[in-house]
Structure formats: structure tokens, C-alpha cells
Amino acid sequence: MPFACIFVPDLPVQALLRTEPELRSQAVVVLEGETPLQKVFAMNEHARRAGVDRGMTRLQVETCADLVLRTRSLLQEDAAHAALLDCVQSFSPQVEDVAPDTVVLDLAGLQTLFGPLPKIARDLAHRASQLCLECSVAVASNPDTAMLAARGFSGVTVIPQAKEAEQLGRLPMEILFAGKQDDAESEQLVETFQRWGIHYLRELAALPSVALSERLGERGVYLQKLARGETSRTLIPLEPPLNFQEAIELEHPLVLLEPLAFLLSQMLEQLCARLSSRALATQELRLELELQTGWQNDELVDRVERGEARQHFQRTLRIPVPILDSKTFLKLLQLDLKAHPPGAPITKMHLSAEPVRPRPAQNGLFLPPSPETEKLELTLARIAAVVGEDRVGSLQLLDTHRRDGFRMQHFAMPQLAAKPRANGNSHSQQNSDDLVTALRIFRPPVAVTVNVQDGRPTHIASHKKKEIDGTILWAAGPWRSSGDWWEQDGWARDEWDIAVQQEPGIAFYRLVRDLLSGRWLVEGSYD
Amino acid sequence: MYIELHSRSAFSFLEGASLPEKLIDTCADLDMPAMALLDRDGVYGAPRFHMAAAKAGIKAHIGAEITFEPFSPLILSHSCSRLHQQDESKDLPQQYAKKAGTPRGLKSTQNDNAFCIPLLVSSRVGYQNLCRLITKMKLRETRKGEGMAREEELQEHAAGLVCLTGGDDGPLANALKYGGIECAKEIVGHLAGIFGPQNVYVELQRHFHRGQEARNRAAMAIARSLHLPLLATNGVCYATSRERELCDVFTAIRSHCTLATAGRLLARNSERFLKSFAEMQVLFADVPEAIANTLELSARLEFTLKDLGYQFPKYPVPEGETMMLFLRERTWEGFQQRYGRASADLQVRARRQIERELKLIEKLDLPGYFLIVWDLVRFCRAEKILVQGRGSAANSAVCYSLGITAVDPVGMELLFERFLSEQRGEMPDIDLDLPSGDQRERVIQYLYKRYGERGAAMTANVITYRSRMAGREMGKALGFDPETLDKVSAAVSTWEYRDQNDTFDHRFRDAGLDLNHPRLRKYFELCVAVQDLPRHLGQHSGGMVICQGQLDSVVPLEPASMPGRVVVQWDKEDCADLGIIKVDLLGLGMMAVLEDSIQLIRNHHQEEVDLAHLPANDADVYSTLQKADTIGMFQIESRAQMSCLPRLQAKTFYDIVVQVAIIRPGPIVGQMVNPYLQRRQGREAVTYAHPSLEPVLKRTLGVPLFQEQLLRIAMVVANFSGGEAEELRRAMGFKRSEKRMREIEAKLRAGMEQNGISREAQEQIVLSITSFALYGFPESHAASFALIAYASAYLKCHYLAAFTAALLNNQPMGFYRPATIVKDAQRHGLKVLPIDVTRSEWNCTLELQSAVSAQHSAKSAGRSPLVESKIGNRHSTLALRLGLRYARGLREEAAQALVRQRNLAQFASIRDLVHRVPELRKDELQTLAEIGALNAIGNGGFPLHRRDALWQVERAVRLSGPLLDGLPEPDTTSPLRPMDAEERLVADFRSTGMTVGPHPMAYHRARMHAKGIRKASDLRSIPNGQHLRIGGCVIARQRPGTAKGFVFLSLEDETGVANAIIHPDLFQQNRLLVSSEQFLMVEGILQNQDNVISVKAERILPLEVTRARTTSHDFY
């Protein structure tokens, strides 16, 4: 049973070069990590020859002339991997996805279809090359031998039956441990083989098997079998992904949202029916629209020219619980599109759903009643459409002295939260020292003009809120705080609690001075 | 006026961000007449605070913040019950409880309800109480840096102390938090009961916090109701607000988190800086009495560290005798031994000197000190521990007579005032050199035993932030990943010389970090700011302080990391500044080498070597020194020393004294080296700046080389007394004060003027004194070292095998790596045998070899016939067997178990070894097999090679089950091919750091020859100025601070060591190559000046020789 393996050397680089083929002849380095601590993750042969090594920092490689630096793109790597799978699946349905850069396929019975094995191997390499992937391909009688050969020899290699040990023998021992550098057992074995002076697979293959098993156990024997090309196993076939996608190509471009909603409704019903037939639901809907680029609108033409208007328009809806209700989906999509219109006529629509298991029909018996998920989501989406997405959800207080140090979290159903929220949640607690009477916060704070005497505010005036105007009768403070000095957005402020004489009586406010900008703001009023 | 009475320095270790000196400077800027330092759980920063304050004319109050366990519930009433119920804090949100309830420095394992009481010392009794209180709490804990005091201890030691109610982590705030105002009132009332109402001040702090203001209102109410005074403080943690950043970083380090995750553990604002009267007056405008009380309290605090009350212990003498009388008797007894056979003239001079010294010792009331050191030396002699006094003590004839030192100060005309002077009012300092290791430990334990656990202690060693630690910890706080931190640490250069490119800035760039990025810029700033701030307390290697009575009433004691050791909270400088006498018991590697050598010689040559009576003018020693063949010899083995030895051509012992002293920053910076050598070689006339200096400088040919000479110059030309001259040296010393220097210089010039010395000569003299006093070597010290240097040279010349074995057994020490020492010994004809489990002990040993094989090895090593005959005649039958200690990763207990089993019966096979020595781990066995240490095992008589052994080890360590375990299994050959020479080299260097086989360069000589690379041994015969190439393994890289950026490389090949000098520009071009490459080829011009040979590099290239990881000794 012949097998082929296709291997993409330096996949992260090749994935990037697929979109920038003009860089093929240059030294390309792929960096990973967050600035300012980016490091070299992968490089092509040109860069390797220029002295670039994995783990070097950005600054170090920047000093080398003629290097092209790119940041690692997992998306592009996924795309390259998908392309690789497409390539092999067009030859054989029996495919094992070994690693992002390595795929093995079963060639049994394909000779009658595609010709002799060397031709299949060449065709595979050619097909991959058409997909902008320079691969090495090896064909052998078992998957492991094919894999070792593909990783060890460049170009196309066909290993005839019974010649496995001879051919593999030329390969260095590192091939056996490729991709397993972090495994402690592998590390030990590498060291042992080095001590023994075993540098090539032929040397490992030549060791007496029984003696080897006495020393290195099963793992040693397995490695020797690999080195001799004697392993035999069946492939672990790649399961085709469950693909829930619907698409419509339009004869006439759509401009209005209403007909779009009609089409979306049809597609959603189809999708929901398909999901339902497999007892699945979804938490994520992806809508991808192809737009007409030649749209006769001066502004849009400008935007196209500036590269701002996109040909593809994409929106993703994420819902905290799995649901399967096409009407809810439609409403949510409508709200989302209203808030984020595509901006150009639509020529093509793709809608896909990420399948998940549906949630149990009923909540716990003793849980407090909560609104129906679908309704809650719709309500939230409606609110978000009005106030903005980053202003809806539940507050999560951050552990900081910074006033208003919080972030918004999406509402989560109680049973989905990782841990029940006891009232002792650390982040939501205020320091008891800070407890004051109720403070009604002004959002946004009101900018005011303040007169200061001997460092204390004496008079306050506001253009926006007429009532905040008058002599400051009494002021407590300043309450000073500052922090995050190591970040670019460090802050420093003084707070005052002030009493201002007003018509109906005395009003109490919290007055704040931003010490970095010098601005005075009223942040709220005390009850 | 306002006085800050609650401040913390960086000596609160990660809880304060300014040095005491910085606090005092700021205090002086603010015109504050006094200030108190209250470091956390100790008085670590007090001496420096006291000294700085004394200079600035500020009164330094001393105190400490003491951490307490919660007070007993039996004493306090029901309202405070929550304070004692630890579990109650669980009611609080977990994070809040941890953050708010735990005082800053307390570990999570400690009580959450613990609090800190700030205590100020008002009298000496109070100080003694504070020290005892701290000692009790510290010594109770087994782990360093922890411990809490108890209420009963506070009651016992409250006298003479003034209590404040503290800030955020004080007892008042703690009680308010957990028990409310009633409880707080009760706690404060309880404190008033312990200290007396007049000694408790209710503390108010205002850092612009709302919560703090609520506490202040409660505090004022409590103070009113209990009739206690209020006191304003600022709870200072740093001198200026800018240092808040560092304080935040320290908080993150202490809490083992990053700045980003520290959250509210960090300070709310930057207000804990030293504030002026005006600022505090505004802050406390509503309670002016709180400010006024700071003056009142300051006036009450009478105690300063001047009033320490330290006394040196009395030496027990027989009844009817005084210590002085006893000392006199011992001295004159010693005189008979030391000077009994001396010339009449010397005897007279010595007698006169001893009388003079004894008088001064009596006057300064120091006989006890001398007797205690004498007693210590006597103990060493009785225990056969080598001991030798050094340093300025060697200037004393009394010390010489008592056997403390080995150099005759009268015969050598050394200056006594350098050791002890009446004017200086300082305690003498005696350093004793002892063999490092167990022997020194025995002497230390003797002191503990004799003076009690609380009567003697080691001095501390304050570990401060240096480049590497700063880079690592600041980066960690900023959340950098470990890999980046490693890079930064590795990039921190430790070259002694720093050029303008060698800044922090460049080091960051070397690590691949871009300083234009704001975050990295902040990192950089923090690294710079934290330099020299204390990180934690260590233990000084040898300084011991002893006290009459209880040392714990003079300075707090705490446990050291080493079990059984107690350490004081001050370092040796602090102890000296406060007049505490210390004895330095210094472990000197070479003393251990000498001791071990003597033992080996006794065992293998059946000869007894007495270091005190070595042949004085051994021709071999001087001939070796003149050839600069000094690898392994004490103090004269460095490259710089070697480059001087052939020019100095030592012929007498005094020449060695000069040799030891001349390669020092003092003579080098003062440009004394060349004039001296020129004059010595007769190329320059011997002249004196003034004729009156001739007697002083005659011995050193008119060039001042020793500190004593400078003192004498001052005495001769400016009529200084001995004490004044020593004062001058100190003024020019490390802690230079411009003002003091100017004063003394004026005095010096006035004296010279009076003696009619010309202006020109005056300038010359002042220049030599100022440039020299800082780094010069005392002659007495040089003489003590020269004795050891001579002994080491003598042993190396006459007992090479024993000396080399001892040297290898006491590594690390000296200038060279063991690999170089072994190669040097081999070149001198010593056969060095590899590690062998059937022969090797833990240490390197000597083995008898047949004379024929020794001769053969000598010839193959290519040594000169002269050395061959000398060494061959005597010791050709002795070879050195490397010890198991050189097998990397092999633990001593496993090695000792192996030796024990072998002594019972030889190992039949590797399996037998594994079976009988279960202590050996798999990795240890692999290492032994890899270096060939198992090759000699085996039955059947067939030899194993290293890979056979590796093959067997792998089998033997796998358990075969109880049934088969007992069956003997012979070793068999393996299917593995033997290691080739290169593989053996790699294995040797990886697992022993050296090879006993040929030098790596020897394998490539033909190739090197083809490249035109000359052997090191050839250089001697090549004329000066010739263009050539040298190459070899880099064994030392140096960039000395005195060499203006030049780099010196030592390249070793199979014939010896060649030196290369690299110009700073060339170094810049080849920085990475020079700093990291193992084998180098240097092309340049040969310089041969008076047999000092080096190559002035013009081009540097890497050499491909071996993959073995050789190491070099760098960055001196």
C-alpha cells in the first residue's frame, strides 16, 4: 500500500509568500510576539544564509541589510494549511493531517487513475506549487517512511519497497525528533544517541534490536523501526469538517436592506433546517458580502481609490448561548447591518454558521427565572445599536486605583459562567475606606471653569450645566491619585468634594482636576 | 519648624526607595534640623544614616518599625475580639482581606492581622531594648527575613522607647479596620499602659486619601479622650516624589507579581516623600500642635549612635595579673623567638619599637583585643590550621612577636602608624588569612563557642542591586518574558573598563532591545535608578565582631542562611564607622593549597615542609619568576604580573614584595611602574623630588610604591606626625571629602613650604600622594602576600605534583581555569591521569608511576631539558590522578559512596557498580562513562572504550527485576564505534571542563602551520617587530580599568600561552568575536621588550578547531 507525504518547509514564511510572491527571491523573516519584544519565529533559506536564527529579536535582525520582516499571521498559515489539504484531497480521499506543514495521503488504487507513483508525486508537488506552496513530496510503502523522507529530502522522492532502510539511512537523527523538541523524553533520547555517536538513521537501524530494547525500551525499538522504514499503520483519516454555509449570487446588485433581509431570511431558514437535522445549534454566524466596486458614487470611488472601501464586507455575530431560531438570527443580523451598513451594492452573499451542541432546554429548578435568551439577546442588540457595542454588558471592576477602572463584559447566562458569582467577587468590591454617600456620576463629566485661591477652588462655572455655577462654600481635598506610570497612558488627578451655593440650597459635587492636562471636570453630584 | 519622625530607607529592603544618605541630603536641603529613621524590623540603615547626618550637622534619631503578632485577647476586651479571630478576615472578599489586612512586607504565611508599631529610641536603654527585641523576634524564626515580635516581649523591652500609633499598617489603623473605634481606643490605651502615656504619640499622616482622613479623625478623637499628644508624620518611603516609581516596582517584586497585575497593592499616589515645614504646615493647618509636637519629641530623643555603649570583651588572665601585664609577658616571650637570633642592632630597634607599641596599646586600652587575636592564632597553631595575619597588622612588631603576622616590621622598616595611631581614634584592624573551607569554619565556631551565641557574630554583607540583578528584577516587574530577561542579563558586560560605548544603553542594544520604545526606555531608567540600592542582607565572608557582654544590645542579630551562624544587621564598614572592633577571618584559597600541598608532600615524599623555614633564596624559584613561568602561583600569575616579571628580574624576597605591590591600580595610575622598572634596569637615573626623601624612597629607587612611603613622605617633608599622615591617607581614601582633602593639602603645602621645598617638588609630591593614596598597597600587606607567593612558587618548583593536586582541589581560585593549570603542569612534565572510578578519590591524588613512563610523558610534552632534570630527578615517579570532583554533576555523597564500596572490593562490572552504589544517578553514571572513568572496570580483561561503557550503563540502570538482580553479568563489547579524538575532546570538556589528552590545538598543528600560525613557544626566538600570526584557545580576556580600553587576550596552544594586545578601535570592530569566540587567530606585530612577549593585533579571525566547549576566565 503506497503512501505519499507532502511537507511544506518553513510554513510560516511560505504562508506569507503566497500573498507576496514577489518576495520569494529575498530573505524573509517572520516575527512573533508583541512589540517591543518581537522575536524571529521562522525564516526562509535566504535569511538563514544571512545569519538569521530563530529567537533573535527584531532589533537584531533589523541591523541586517536586505531582510524583509513580516509579522506572523496565523490566518495566512491556516489558509496555507487549508490549501495544502485541498491539494492532497484532490488526489485522495484518505488523508491524515499530521501537522500544519505535513500531510500524508493513501495512494492505494490511485495509480490507475493518475499514473505511476513517481508521476503522482510530481503532480502533487506541481499542484502544491500552483497553490504557491513549495513542498517536498515522498512516496513510500508506509506513512512514517514517507513522512521522514518528505521532511528529510527536498524535491520528490520515491522509495521503492524494501529499500526504505537504505534510503532513510542517509538522514540525520534529528529528523526522528522534528517537532518534539519540548518533549523531555525525546530530549533525553537525543542526548543518549549523541553520546552513543549515533548521528544517522542507518546507525540506529544497525543496532541489535534486543540489546536496544533492553536499553531504551519500547520507544527505542519504535524509533529503530522508523529508522529502518519498518513501521506499519493505518492512516488517521481527516474528517471533513461540518460545513454549514449558504451562498447566493445576485443578478442585480442589492442596495436596500429590506430585500437583503428577505434573502437572509431564506438562507437562515436553510441553515437552521440543516443544523436541526443534525441536532446542532449555533453561537456564531458569519455573513460575508461581496460588494460592487465600480459603484458610481464619487465619495465611494474616492474611498475605493484610497483603498478604504472593501470588496468584501464581513460581519460576525456571536451569541453567548447556542440557539436555533432563524427569526432571532434575522433580527440580530438586521440590527447589526443597520448599525454597520455595507456601504456599497451587494453582489454576492455567503452566510455560514459555526455548529455547536444545543443548550439544555431547561434551566435548573432552583435558579431564579431569567429572560429568555433569545429575547435578551435581541434586547441587548437593540440597545447596543443605539448606545454602541462597548457600552452594553455587565461591569467588571479592575483592580486599580484609577477612577472608573472597569471594563464591559458581555452578559452571560448564570449556568454558563465559569464560577457562580458570589457577592465576594474581589473585583467588584470597593475598599471600605472609600465608601462615601451615593454619588451620581455624570457621563461624560462636565467640563468647568474653576477659580483657585491658595491652591483651593473658590468658584466654579459651567457652560453646559447652568446649575453648576457659584461660589464654592466648602471644599474637602484634594484627594490625590496617580498610577500606570509605566504605561503610555499614565494618569494623575486631584479630587475635591465641594459644596456650591445654588438656588434651592446647597449642592455637593465631586470636582476633579486632571493633573496631566490641567482640565477641571465635575464628575458627579452627591445625594 | 517640622521634624520628620517616621521614615523608611531602602534598608527596609524593598519597602523604601532612598538610601539614608539621600534622605539626609534632602533633609539638609529642607533645613530640617533632625530626622528619624525607622526601618522595617531592623536598624540596617542606621549607621549610614547616622554618619551622613553627622556630616550634615543633622541630629539622627534612631528607631524601627516592628512587626507584631496580634495582641493577646485576654488583655484586650470583647470589642477587640475580631482582631484575634483570624478566620474573620475570610468574611471579607479574599483579595481585599489579603491586600488591605496584611501590612506591606508581611508574608502571606504570617498573620493577616499582624501590624507594625513604629518605635523611636529616646535613650541608650531604649536602644538596647530595641536591639534585643529585634534580635528575639529574628532569632526565633528559622527562615531569614521573617519573624514577628510578641506582646510580652514589647512589655519587657518598652523602657526608653517612644511608641507611635503608625500609619496604614499601624496598630491604630489595624484596630479601626477590624474592631472599630472602640477597639482602636482600647489598643492605644493598652500601648499607653505599656509605654506610659508620655511615651505614646497618636500619629497623623496625610497623603490626600479620603479613607486616611477618616482614620485621622478617629485618631484625634482617641487622642483627646486618652489625653495623648498628636504627632504629624509623613510616613516617608522615599526622599523625593520621583522615587515612587521605584517603590512601586519594589512592591511588585515583593509580592511576586508584575506592575500590571499588582493592582491596588501599588501606592495610590506619590506623596510619601520628605516634605518641608511649609508643606506640612499647610497639610496640618487644623492641628498645629501635631507639627509642634515633632520638635518637642525630637528634643526628648537624646540617643544617637555615638552613644552606642560598645565594649570589647576582656581576655581572662590568671589571678593577680592584668591584661596589659599578660600581654607584655606574651610579647617578650615571642620577642625571644622572633628576634633571639637577630643582630644586636635589630634587637635594639625591635625592643624600642615593641616598647613604643605596648605603651600605645596600654594608652588606648587595647590589650584585650591583641590577646583575643593571639588566643585565636594559638588555637589555630594547636589545631594545625595554617594562619597568617595580613593587612596593616603586619606593621606591628607586637603582632609579629605574638605570632599573629609573619613579616618582621622592624627589619623591613615598616610604619607602625599605618596600623595604630593615637590621633586617629580608630580601632585597629587585624585580618587573619586562613585556609578556605572547613578549617576557617572551625575557627569561626571556636569564636562562637568562646564568646557565646550573643557575644559574637558575623558582619553582614549588604547585597545591592548591580547591573544584572537590576536588569532581571526590573524586567520581571514590567512583565518581560524570561527569555528576554536572560538576554539582557547576558548582555550586561562586566569588563572592568567601560568606554563611552559600554553604557547601559549599548548593553540593551546588544540584547536586541530598542530603547526608543517608551516601555523599554522606562525599563532602562528603572535599571539605572535602582543601582546600588540594597536588595537583601547577606553574610560577610569573614568579618566577625565580638562584644563584652551582650552583642545583641549593641546591634540586632539575625540568623544567617548558613545554619548555626548569626549575623549582625550592619556590614563591616558600618561596624568600623561605629568603632566596633572586628576580626577578619578571611578564607584564602592559597592557604588551603599550601596546607593541602604540605599534607601531600608528607604522604608521598615523606618530607616535612615548614613554611616558616623555607630556603630563603632558592635559585629555582627566582629563575622561574624571572621567566614569568608563574601559572598557579599566588598573586604573581596574572597576565599583567607576567608582563612585569621578566623586566623586574626578581632576585631577592624584597623584589617579590615589590612585584606583588607594583601591579596595582595605584602605581599604574600614578605612572610609577615604568620609572621603577627603568631605574631598576639602570636605564634611568635614581632621583628624588627632594633630598630629604632619599631615606624614605631609597629602597624603591626613588619611586613611591607603598602607602607607608607616602605617609613617611608627609612626615618628612611636611613634619606630619604618624597619626596625621594616616589621617591624610584616609582623607584621600575611598570616602573622599573634597573639603577635608583641601584642608589636608593646605596643611601639607604649608609644611613643605616651611621645610623650604621648591614649588615644583611640592607639586610632584602632592600629585603622587593624591593619585596613589587611593589604590596603593601597604608594604606590610604586600610583604605578607609575598611570603605566600614565595611559598607557592617554591612548592610549584619543587613539588609540582603535590602543588598541582592541591591547586586543583581548591578550585575555583586564582586567575586560570583548571584546564589551563593542568596543561601548564603537563608542559612541566607532570603526568596527569584521567578520572578512573577504580582509582580516583573525590579529590585529585598522587599515584606512583614507573620512571620510564614519566620520562616518556615528559619528552612527549616537549619540556625544556633544565626543567626535565629538575623535576625528573625528584618526582618522575609521581603522577596526578584527577579526582571525581571534576566529573561535572557528580555529587560528593555519591562519589564517596563509590569510593567506600571500591575500598571493600573492586567492581566486577558496570552492572556490579550500579548495583553496589545505588546513590549514583543515571546521569552521573552516563557522565562517568562518557569521560572514560568506567573504562577500567570489567572482567575478562578486555578493555572497554567509552561508548562500551555508555552502552553498559544504559542497560545496567534499567531494573531487571528482583529475580535477575543478583545474577552477575559480565560487561561485553558494544555495537557502538569508539569515540574519535574530536568526540573525546567534546566529552572531556563538556563533563570535566578540561582534557588530560593532547591540547585541542595539537590535533591541528599541521593545518595551523599551513596558515602561518606560530606556536607560543616559538615566539621567544622571533625578533621584535616581526609580522606574524598566533592562534589558540582563549583562556583569559581582560579589559582592565587602567588600560584605557585596551583588551588583553591570552591564547593557549599545546606549547604555552601567547599574549595579544588589542587596540580599542580594533576591539570595537570585532567586539563579538573577541568577547565570545573560543579559538582565535591574531595577526599582528610581535613585541619583545625585555623578554616580555606579546603580539599587537592588527587583525582577528575565528579559528575552527573543535566543537568542545572550552572556557576562559574573563572580565577581570
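User: In which loop of chain B does B:Phe208 lie?

Analyst: The model is a predicted one. B:Phe208 has a phi near 65°, a positive value in a residue other than glycine. Most residues other than glycine have a negative phi. The residue lies in the loop of chain B between β5 (200-205) and α8 (210-226).

User: What is the area buried between chain B and chain A?

Analyst: The contact draws 58 residues from chain B and 51 residues from chain A. Carbon and sulfur atoms give 53% of the buried area. The total between chain B and chain A is about 4800 Å².

User: Which residue of chain A meets B:Arg210 in a salt bridge?

Analyst: Eight salt bridges are counted between chain B and chain A. In one between side chains, B:Arg210 has an N to O distance of 3.0 Å, which is within the 4 Å limit. The partner of B:Arg210 is A:Asp497.

User: Which helix gives the most residues to the side of chain B that touches chain A?

Analyst: Across the interface, 20 residue pairs are in polar contact, both residues at pLDDT 80 or more. The leading element on the chain B side gives six residues. By class, that side divides into 21 nonpolar, twelve polar and 25 charged residues. The helix is α42 (residues 946-956) of chain B.

User: In which strand is A:Pro444 placed?

Analyst: The peptide bond from A:Arg443 to A:Pro444 is cis, with omega near -5°. Most peptide bonds are trans. The place of A:Pro444 is in chain A, in strand β15 (residues 439-447).

User: What separates the centres of domain 3 and domain 4 of chain A?

Analyst: The domain assignment of chain A includes domain 3 (244-356) and domain 4 (439-526). Their centres are taken over C-alpha atoms. The separation is 47 Å.

Methods:
Residues numbered from 1 in each chain as written. Chains lettered and ligands numbered in written order. Predicted model: local features only at pLDDT ≥ 70, side-chain atom pairs only at ≥ 80, totals over all residues. Heavy atoms only, no water. Contact = heavy atoms within 4.5 Å. Buried area = accessible area lost by both parts, 1.4 Å probe. Polar contact = N/O pair within 3.5 Å; in protein donor to acceptor, adjacent residues only side chain to side chain. Helix = DSSP H or I, 4+ residues; strand = E, 2+ residues; numbered from the N terminus. Nonpolar A, V, L, I, M, F, W, Y, C, P; charged D, E, K, R; others polar. Domains from an automatic or database assignment.
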